Amino acid sequence: TNALKKNRMMMRSAVARTASRAAVQQQRRRMAGGPFPNSMNVHKNKFVEEWNGRREITELAFQVTPQKAPTVILTCVLIPYFFYAQSKAEFQSRGDRHYKELC
């Protein structure tokens, strides 16, 4: 009788699991879904997708060449230093408290 009870409980739980899965329907997910016809759904733009893919692998595709070195130095060193020097000169000329905190 003990084995029979265990068998019935296992059958009940299996039937309950199957029934609960059948009762719950998966929500169909669509991009920008809603009461619109299928022709008005969002469609991926292949050019945008290609741009995103290229943007993700930029560090792999970038190669340092003598032609690119001046541009890298200008954008990574000279322009930030220019802004720093201008800000520092403005703080000095005004006698701003921020400059005094830096010293």
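The secondary structure of this protein comes to five helices and zero strands, where helices (H or I, at least four residues) and strands (E, at least two) are DSSP runs numbered from the N terminus. Read along the sequence, the pattern is α-α-α-α-α. This is a predicted model, in which local features need pLDDT of at least 70 and side-chain atom pairs count only at pLDDT 80 or more, while totals for chains, interfaces and linings use all residues. Residues are numbered from 1 along each chain as its sequence is written, and side-chain values use heavy atoms, with hydrogens and water left out.

**Surface and burial**

- Of the 103 residues of the protein, 1% count as buried, a word that here means under 20% relative accessible area, with exposed meaning over 50% and partly exposed in between (1.4 Å probe, protein chains only).
- The protein exposes about 10300 Å², and carbon and sulfur atoms supply 60% of that area; accessible areas come from the Shrake-Rupley method with a 1.4 Å probe, and for residues only the protein chains shown count as cover.
- A nonpolar patch on the surface is formed by Ile 73, Leu 74, Val 77, Leu 78, Ile 79, Phe 82 and Phe 83, which together have about 670 Å² of accessible area.
- Patches are made of residues with over 30% relative accessible area and no salt bridge, like charges being joined within 9 Å and nonpolar side chains (Val, Leu, Ile, Met, Phe, Trp, Tyr) within 5 Å.
- Phe 82, one of the patch residues, lies in helix H4 and counts as partly exposed at 47% relative accessibility.

- Helix H2 is hardly covered, since the count of buried residues among its 11 residues is zero.
- At the start of H2, a side-chain oxygen of Asn 45 reaches to within 2.9 Å of the backbone nitrogen of Phe 47; a polar contact is a pair of N or O atoms within 3.5 Å, and within protein one must be able to donate a hydrogen and the other to accept it, while residues adjacent in sequence count only if both atoms are side-chain atoms.
- The whole structure holds two salt bridges, each being a side-chain nitrogen of Lys or Arg within 4 Å of a carboxyl oxygen of Asp or Glu.
- One of them joins the side chains of Arg 54 and Glu 50 (3.3 Å, N to O), two residues that stand four apart in helix H2 (residues 46–56) and are therefore separated by about one helical turn.
- Arg 54 counts as exposed at 55% relative accessibility, whereas Glu 50 is partly exposed at 43%.

- Glu 90 is partly exposed at 40%, whereas Arg 94 counts as exposed at 61%.
- H4 is followed by Gly 95, whose phi is positive, near 70°.
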